[in-house]
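Subject: Structure for you to look at

Hello,

Here is the structure I promised to pass on. My notes follow below it.

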Amino acid sequence: MERAVLLKSSYLNFEGRILSTRMISREEKYYKIALNDGKILDYEPGQFVMVVIPGVGEAPLSITSSPSQVGYFELVVRKVGMFTSVMHTLEEGDFVGIRGPLGHGFPLKMLVGSDLLFIAGGLGIIPLRSLINYVMDNRRDFGKVNIILGCKTPDNLLFTDELESWQKRADVTFSCTVDRADPDWKGNVGLITSLIPGTDISSERTYAMAVGPPIMYKYVIQNLIKKGIPENQIFVSFERHMKCGVGHCGHCQIGSIYCCKDGPVFLYSAIKNNIEAL
Ligand SMILES: Cc1cc2nc3c(=O)[nH]c(=O)nc-3n(C[C@H](O)[C@H](O)[C@H](O)COP(=O)(O)OP(=O)(O)OC[C@H]3O[C@@H](n4cnc5c(N)ncnc54)[C@H](O)[C@@H]3O)c2cc1C
Ligand code: FES
């Protein structure tokens with residue numbers, strides 16, 4: 001059998017074949033991709049890849065699958081502009097270039113043995129799903145798991161089957177809220193921050209992972225600190241505009257920090273002064 005080659009290079013462009021696609025909401029399309037020639041993307045949850053479409057350009061996209069799923073990886077793309085519109089026309093059997101995995105993700109070794117609080121706002125569920133499913137696949141390595149999800153409306157929820165399966169698990173506490181309900185919605189209505197005060201967590205044992213739109217961070221972090229979680233136990237992920245993805249062009253720079261190569265996942269204590277200046 002051919003030996004799989006583990007890929008860690010940031011610069012090389014590998015060919016990826018789209019194994020399947022499906023729309024998972026009105027604006028978001030899911031892609032299952034395998035690299036050609038038996039190559040395997042060796043990534044950690046929270047990392048991203050540059051997807052290259054020849055003649056069109058490239059864009060940073062978070063890996064949403066768990067590294068415990070070997071042989072393929074998954075992406076979810078919201079159509080917002082030129083690149084993502086072309087990406088949405090691609091289907092099973094089409095090819096894309098893949099550069100990566102890039103950046104730093106969540107440090108799995110540091111999280112082992114701790115309680116975990118996940119806070120995903122909007123598309124923040126895309127990178128967090130990678131870590132959540134890794135934790136589900138290795139459940140005995142972690143303490144209590146608490147997942148808080150928020151989005152604008154119920155039809156913005158992604159991966160609804162998976163959300164339901166997490167909600168049903170006895171070893172997971174799951175809550176979800178929407179900013180605006182529709183007539184069928186039976187859950188919470190309100191901002192994601194409204195769910196943090198009521199969470200039953202032990203602050204000294206808990207690592208919090210918050211990913212969402214920039215506006216969410218300030219209030220989520222205030223609430224986490226009010227719950228007693230130390231700043232060096234809070235992880236955030238920053239999706240700044242990026243070009244090179246490897247620390248050369250400066251597009252993603254906040255002060256002395258390059259989000260592409262130093263992040264996108266940061267400990268809040270390490271990036272606090274930089275983001276307060278934004
Ligand atoms: C590390 C990282 C991970 C990402 N992961 C995902 C993902 O998993 N799924 C996904 O759909 N998108 C993700 N994005 C955003 C994605 O890269 C952009 O939406 C894409 O590059 C837009 O390209 P475009 O040509 O279609 O649109 P453009 O014409 O370039 O932009 C359209 C609109 O989107 C805004 N936009 C573009 N890039 C960003 C950005 N980085 N942050 C905020 N707004 C932006 C522009 O300001 C503009 O208003 C990620 C970005 C980063 C930096
Ligand atoms: S995207 Fe070029 S330095 Fe980060």
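Thr 64 is buried, because its relative accessible area of 0% falls under the 20% cut-off. Bear in mind that this is a predicted model. Thr 64 sits in the loop between strand S6 (57-62) and strand S7 (73-78).

What does Thr 64 touch, leaving out residues up to four places away in sequence? Its contacts are Glu 74, Leu 75, Val 76, Ile 125, Ile 126, Arg 129, Ser 130 and Phe 159.

Next, the cavities. The structure has 2 of them at 30 Å³ or more.

The largest cavity holds about 50 Å³ of space. Gly 122, Ile 125, Leu 149, Gly 150, Cys 151, Asn 156, Leu 157, Leu 158 and Leu 163 line the largest cavity. Strand S10 (residues 145-151) gives the largest share of the lining, 3 residues. By class, the lining has 6 nonpolar residues, 3 polar and no charged.

The second largest cavity has a volume of about 30 Å³. Its lining consists of Ser 25, Arg 26, Glu 27, Glu 28, Asp 155 and Asn 156.

Best wishes

How values were computed. Residues numbered from 1 in each chain as written. Chains lettered and ligands numbered in written order. Predicted model: local features only at pLDDT ≥ 70, side-chain atom pairs only at ≥ 80, totals over all residues. Heavy atoms only, no water. Helix = DSSP H or I, 4+ residues; strand = E, 2+ residues; numbered from the N terminus. Buried < 20%, exposed > 50% of the residue type's maximum accessible area, 1.4 Å probe, protein only. Contact = heavy atoms within 4.5 Å. 1 Å grid on protein atoms, 1.4 Å probe; cavity = no way out; pocket = protein on both sides within 12 Å on 5 of 7 lines; lining within 4 Å. Points joined across faces, edges and corners; volume = space filled by probe spheres on them. Nonpolar A, V, L, I, M, F, W, Y, C, P; charged D, E, K, R; others polar.
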